[in-house]
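Subject: Structure handover and notes

Dear colleague,

I am passing on the structure we spoke about, with the sequence alongside it. Please open it before reading the notes below.

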Amino acid sequence: MRRNWYYRMLFTYIPILIIVSFCLLFIYFRSLSLMNRDQALQANERMASDVAQQLDGILRSINDLITRESMDEAVTSFFSARGQADDFTTYKAFTKVNDLLAYHEIIDSIYLVHALREDMISNYKAMPLAQFYDRDYVERSFQDGRFNVWSLPRTLPNPNRPLQVITLKKQARISDPSGMIIVNVNLNKIKQLLVNSYQADVTQIRILDEQGTLLLDNGKGEQRKNDEVLSSRLMAVTGWTVQTGFNQAGFYEMASLWLDAGTILAILFVVIGSASIVIMTRRHYRPVQQIMQRILTSPTGLDWTTGANHNEMKVIDQAIAQMVQYSSQLEQKYKKEQLRNGQHLLREVLLGTRRMEQSLWEEWQKLSGFGEQLQEAQALVVEIDDPRSFSRNFSIKDQALLKFALENVLQEWLKQEEGHCEIVWVTESRLCGVVLRTNGGDSSLFLTNAEQFRAWVGTNMKLTITIGCGRPLSVQSGLQESFRQAQEALQYKIILGTDRVISYENVYRGDKNDLQVHLSVIQSLVSALSQGEPTWRDHLQRLQEIIKLGWLNREMALQLISYANYMLDKHAGKLPSELNRSWKEQWQHELDQAMEENDTLDGIFANYSRIFSEMEHAVKLARHANKHHATMTSVKSFIEDHYSDPGLSLEMLSDKFEVSDKYLSKLFKEEFGSNFVDFLAKLRIEHGKKLLENEDNTISDIAAKVGYTTTITFSRAFKRQEGMTPSAYRALYFT
C-alpha cells in the first residue's frame, strides 16, 4: 500500500476540522445543556405526578375498601352485639379482618374496636382492649373524634415487630360512635414500592409531611448536598408533598457554568490539535496498515485484489458491514432468548400484577420461535418443605446452590414435555414451572413425571419438596388459573403431609361452610382442658379428624386452630392467677409458635398435645389444692352416673351432699367453669350423640335414655348445643 490515504487525510480534513470543530463544539454543548435541562424538568414533572397519583390511588382504594366492607354482616354483627359478642360472631369478624388484610401487601394490621364493650379484634387475635399493645393510640383516637383521615407516621408499639406505619381511622357506623375500624399501613412497604419502581442511583424521590419533615425516600433517607429538587406535587389524600430530582443534579449546573470557559479552551485545543494531526497522522496510519493486512489475510469472502489504486477505507467499510450484520444477528438471537426466559414477565403475570394482553402474548409467542399456535398451559409449584429449617441448616451460599440445582433439574424434567417451558421463583421457597403445549397433554403422565422429580430430589439432595399441580387449561386465559390451582393444591399439604405430589383434580373441595361441628368440638376441648380432664385428648383427636375429613386447606385449618387459642385465652382468665400467668407467659406463646413453625396438621397437633399435657397437669394440681375439690369431684361423679335420671336437679344434689343449693351452684361454677344446668345438658347431649350413631335407636328412645321426658325437649336442647336437630346429626354422620 502507498500513502495515498495518509496525504488525503492530512490535507483534506485539517481546514474542515478547524472551522467545524469550533462551531459544533459550541453549538452542541449549548444545545445539549438546554435540551437536557428541559427534558429533566418534564420528566420530573411526570414522575412527581405519577408517584402522587400512585400513592393516592393505593390509599384511596384502602379507604374505599374499608368503607364498603364495614357494611358486611360479619363486621356489623360484631359492632351491633349487645354485651360481649358470642364466639361465632367473633370468629366471623376475625375471618373478615384476615380477608381484608390480604387486599394489599402494604396493609400491616386492621383493628375492629368497640369502646363500650372495651374489646377488639385484630388480624392476630381477639382480646380485651386493656391487653392490646396499641391501646393508647386507640383511646386517643376515640378522644380525638376525627375519622376518615390518614395519620402522620407513627411507630407501632408491637413488642415483637415494631415498625413505622400510617393509620386510617374510620367510624364503624355513623349512628354509633363507639365502634371504630383502624387500618395500619406499613411505611417500609410504601418505600419498597418506590425502590422497585425507580432507580435510587439515578432518581431521588422524597415524601414530606405538611410541616416539611422528610418521611421517606427511595434512597438512604437523606438529601445530598448537590441534589436538586426539580418538581413537587401535593398528595390529595394525605396532604403530603412528593419531591423528585436527579442525584448529583448540581453536576449539570456546574457543567453549564463552565460551558463558556470550555468553549475558549476548545479553540485552543483545535489549534493544538491541528498541529498534532500532522505529527500523529503518520503514526496513526500504521494501525490502518495493520488492519488492512488482517482483512486481506482473513477469510472475509471479499473480491479483493491487491493494487496501488484500491481504496483501503472501502475494504474496511465492507469488513465492518459484515461485522455489524453478524452482530445484529447475535443481538436478535439474544433478544429471543431473553423473551423465552422472561422470568420477570412470567412472574408478574402469574401473581396477577400484570395482565397478559393479546398483543403482548402474540409478540411473545412470535419471538419464542414456535411455528404452531400454542393451545394449552399447565403449571406446577414446587415448595421447599420446612423453609425455616432450610434457612437454619444451610448457609446463604449453600441455599443459592441448592436452589440453582433445583431450577436446573426442574428445567430438564419439563423439557420432556412436548412444548415450551418456563421456570420462575414466585417466593423464597416456591418455584413455579409452566408448560405451554401446542396440543393437549397427558395429565396423568404429567403427574407421574412430577412424582419422579420429587423422588429424585429426595434421594439426591439434602431436602424434600412438595409439588402442587394445576390442571391443563386453555393457554393465555388459563395460565394464571392453572398457577392458582397449583397454589391451592399446596394449601392441602397441612392435612396430606409433606414430600408428596398434590394434584388440584384430586383434592376434595366440598362444602366447608358448616362450622358448628368444628366449634362444638373446640368448645368441648377447651372446657375439658380448663377443668384438667384427660378427655381433652379425645376432643383434640376428634378436631384433627374432622379437619382432615372436611378437607380444610391451610388457611381455614389455621383459622380454626387460632379460634381454639382464642377460646383458651378467654378461659384462662377464669383460672387461678398462677395458671393464668403461666398461660400468658409460656403456653400461649408456645401454641402460636407451634402453629407458625409446622407445615402439617400432624406436626401442629403433636406440639399441641405436649403443651396441653403440661396444662392438664398444672390444672389438676391447682384443683387438688382447692379444699372443695373432693366434694365437687364426688358431685361430678354422681352426675355422670345418674345423668339419665329425669329428676336429677340441684335440690337432689343439695340433699345428698348436705350443701345448700345456692352454695353448691356457686362451687360448681367455680370448679367446672359452667353452671349445673349447662353441664348436665352437655353431658346428656354427648351421650345422645353416641346413641344417634347407632341406627337401631329411635330418637324417642334416646331421649328417654339420656334423661329427657319428651322428644321435643331433647330436640331443643340438642339443637341449642350442636346447631342442628338430632335427625340432621344422624343424617350427617351416616352420609
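What follows is an account of salt bridges, nonpolar cores, some helices and a few backbone angles.

The model is a predicted one, in which local features need pLDDT of at least 70 and side-chain atom pairs count only at pLDDT 80 or more, while totals for chains, interfaces and linings use all residues. Residues are numbered from 1 along each chain as its sequence is written, and side-chain values use heavy atoms, with hydrogens and water left out.

Salt bridges

The structure holds 24 salt bridges, the term being used for a side-chain nitrogen of Lys or Arg within 4 Å of a carboxyl oxygen of Asp or Glu. One of them joins R454 to E451, with the closest N and O atoms 2.4 Å apart; the two residues are 3 places apart in helix α13 (residues 443-460), which separates them by about one helical turn. Helices here are DSSP runs of H or I with at least four residues, and strands are runs of E with at least two, both numbered from the N terminus. R454 is buried, at a relative accessible area of 13%, whereas E451 is partly exposed at 31%; buried means under 20% relative accessible area, exposed means over 50%, and partly exposed lies in between, for a 1.4 Å probe and protein chains only.

R454 also forms a salt bridge with D499, at 2.7 Å from N to O. Because R454 lies in helix α13 and D499 in the loop between α15 (493-496) and β17 (501-503), this pair ties together parts that are 45 residues apart in sequence. D499 is partly exposed, at 29% relative accessibility, and it has a positive phi of about 55° although it is not a glycine.

A further salt bridge brings together the side chains of K584 and D569, again with N to O given as 2.7 Å. This pair links distant parts of the chain, with K584 in helix α19 (residues 577-597) and D569 in helix α18 (residues 554-572), 15 residues apart. K584 is partly exposed at 33% relative accessibility, while D569 is buried at 10%. Elsewhere, a network of salt bridges links E383, D385, R430, K493 and D599.

Nonpolar cores

Which residues have the most contacts inside the largest nonpolar core? They are I62, I181, I547, F612 and I639, in a core of 117 residues, to which α18 gives the most, with 10 residues. A nonpolar core is taken as a set of buried Ala, Val, Leu, Ile, Met, Phe, Trp, Tyr and Cys residues joined through side-chain atoms within 4.5 Å. I639 touches L648, L653, F668, F676, F679, L680 and L683, leaving aside residues up to four places away in sequence, where contact means heavy atoms within 4.5 Å. A second, separate core of 25 residues includes L406, C421, I423 and I465.

Helix α24 (residues 676-692) has 17 residues and reaches 24 Å from its first C-alpha to its last, close to the 24 Å expected. The buried residues of α24 include F676, F679, L680 and L683, and also R684 and K689.

Two further residues

Q399 lies in helix α12 (residues 396-414) and is buried, at 16% relative accessibility. It touches F390, S391 and F394, not counting residues up to four places away in sequence. D386, in the loop between β12 (376-384) and α11 (387-393), has a positive phi near 50° in a residue other than glycine, and is partly exposed at 29% relative accessible area.

With best regards

Key. Expected span 1.5 Å × (residues − 1).
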